[in-house]
Amino acid sequence: MSRPTGTSRRWGRAATVAVTVLCLAYAPIAMTELWPYARPGAPALGEWLLGRSVSPEFVAEAVRDRTGPYVRSLAPLVVHSVLGGLLMLLGPVQLLSAVRRRIRLHRIAGTVFAVTVYVSMAGAALYLLRTPPAEAFSGAAFWIVLATILVGTVGSVTSGVLAALRGFPDLHQRWLLLCYGFLMTAPLLRLEWGVLPSLYPGLDLFDVNRVAIMHLGALVSFGALLASRALDRRATVPGLTGSWCPLPVRVAAHLAGAAGLVGITVAFLAEGTAGRRLLLAYLVPYAVTYAVIAVRAARAGGAWAREEWSLHLTALCLAPAFSALTVPVLERTLGLDRATALVAGVGIGCGMLAYAAVTVVSLRILYARQVIERQQEFADLPTGPATAGVMREGARG
């Protein structure tokens, strides 16, 4: 894995600094967020900042809406939030130690990071298991999105650990970046708590969360993809031949995505003003993400970069179709009303398809390596009449 140069290096440094600052700022907020629920009146930095950026009434409403669901599972939630703050600190350590080749530090911090993810997510899982979706903070759609993020976080960190143990640093890097992207939904959501009320005056926290989940999954997975591509400067991967995204596949994905977008648009427009607000929160980030990935895929200078961009573009195109198909499934299996199922289906679509894209990218790399291993095995075969006879027999068979 070579280091980026030129413009990409400058952008990479700027992004690293921005993520590090956000993580360091959010860590104390996460660690103190649930103190007032355990002991009323206890200081909480997040509430203090939110009260000054929005209003004390907005904070009081948020506390009121969260008190019931949180008190029933306060202990596991405290574990989840405190360790979540620790993960915000460990993330930059992992990234910087990997970039600077501090192998020993990277391995030690990585072990701590993985264990912390599992324990923190166990606390979140207990909360979700103890709380019926309809009774959760911000309702069933938010519960479904949280559960999906939890599964994605645990799955990606597990894949990253297995890749490291098997000696696949490029796959390890991609999975851990995706894992940290899912973790970044927490501080980004808090930022939206402070920003969205100024864009939509009078919007309560329930609706602020619904707007935020329209695009958070797409944004964090897009950020993980940009980081992966910035750190992987290979023109090609040994054993890479052809493409898993030929033109017919790309065309079919675009047609399916267009149909899904039409269905989602019609469904949201039927919900009136609230539906139009949610549709805008989904379409604008989706369009920007699509444009960037499509341009990168078209301008990619190497076969491997073009293949990875194309795989992610195909997954992004399929996300609206996946969401549209998920809506009736959620309605029937969880007994949700149409509007709630629509918000939940759209909220999880881009994140789940990004996870699928990283899975396909991983399989693509593993397949290329298998091709190299088979070529090596063939090259190592002894030559001679007996071997030639065996090969001719195998060819006839």
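Which helix does S156 lie in? S156 lies in helix α7. The notes below go through the predicted model point by point.

1. **Ground rules.** This is a predicted model, where local features need pLDDT of at least 70, side-chain atom pairs count only at pLDDT 80 or more, and totals for chains, interfaces and linings use all residues. Residues are numbered from 1 along each chain as its sequence is written, and side-chain values use heavy atoms, with hydrogens and water left out.

2. **Confidence.** pLDDT is the predictor's confidence in each residue, from 0 to 100. The protein chain has a mean pLDDT of 90, and 93% of its residues reach 70 or more. Confidence is highest in helix α12 (residues 247–269), at a mean of 98, and lowest in helix α16 (residues 385–396), at 44. Over residues 386–397 the pLDDT is below 50, and this stretch has 2 contacts in the model beyond near neighbours in sequence. A contact means heavy atoms within 4.5 Å. Where pLDDT is low, the predicted coordinates should not be read in detail.

3. **S156.** Helices here are DSSP runs (H or I, at least four residues), numbered from the N terminus. S156, in helix α7, counts as buried because its relative accessible area is 0%. Buried means under 20% relative accessible area, with a 1.4 Å probe and protein chains only. Not counting residues up to four places away in sequence, S156 touches W175, L178, C179, F182 and Y355.

4. **S138.** This residue sits in the loop between α6 (103–130) and α7. S138 is not a glycine, yet its phi is positive, at about 70 degrees. Most residues other than glycine have a negative phi. With a relative accessible area of 10%, S138 is buried.

5. **The largest nonpolar core.** A nonpolar core is a set of buried Ala, Val, Leu, Ile, Met, Phe, Trp, Tyr and Cys residues joined through side-chain atoms within 4.5 Å. The largest one has 93 residues. M88, F113, V117, L183, M214 and F268 have the most contacts inside it. Helix α15 gives the largest share of this core, 10 residues. M214 is in contact with F268, L278, A281, Y282, V343, V346 and G347, leaving aside its neighbours within four places in sequence.

6. **A separate core and V361.** Another core, of 11 residues, lies apart from the largest one; A163, L311, V361 and A368 are among its members. V361 is found in helix α15 (residues 338–379). Its relative accessibility is 0%, so V361 counts as buried. Leaving aside neighbours within four places in sequence, V361 contacts R174, W304, E308, L311 and H312. V361 and I213 are 148 residues apart in sequence and 25 Å apart in space, C-alpha to C-alpha.

7. On a 1 Å grid over the protein atoms alone, a cavity is a set of points where a 1.4 Å probe fits but cannot get out; lining residues have an atom within 4 Å of a point. A volume is the space filled by probe spheres set on the points, which are joined across faces, edges and corners. There are 2 cavities of 30 Å³ or more. Helix α11 (216–231) is among the elements that give two or more residues, and α11 gives the most, with 4. By class, the lining has 9 nonpolar, 3 polar and no charged residues. Nonpolar covers Ala, Val, Leu, Ile, Met, Phe, Trp, Tyr, Cys and Pro; charged covers Asp, Glu, Lys and Arg; the others, Gly among them, are polar.

8. **The second largest cavity.** About 80 Å³ of space lies here. Its lining includes V361, along with R174, E308 and H312. Helices α8 (169–183), α11, α14 and α15 each supply at least two residues, and α11 gives the most, with 4. The lining has 6 nonpolar, 3 polar and 2 charged residues.

9. **The second largest pocket.** A pocket is an open set of grid points with protein on both sides within 12 Å along at least five of seven lines. The second largest pocket has a volume of about 880 Å³. Of the 43 residues that line it, H80, L146, I149, T185 and A186 are the closest to its centre. Helix α7 (residues 139–165) gives the largest share of the lining, 10 residues. The lining divides into 28 nonpolar, 12 polar and 3 charged residues.

Terms used: Buried means under 20% relative accessible area, exposed over 50%, partly exposed in between (1.4 Å probe, protein chains only).
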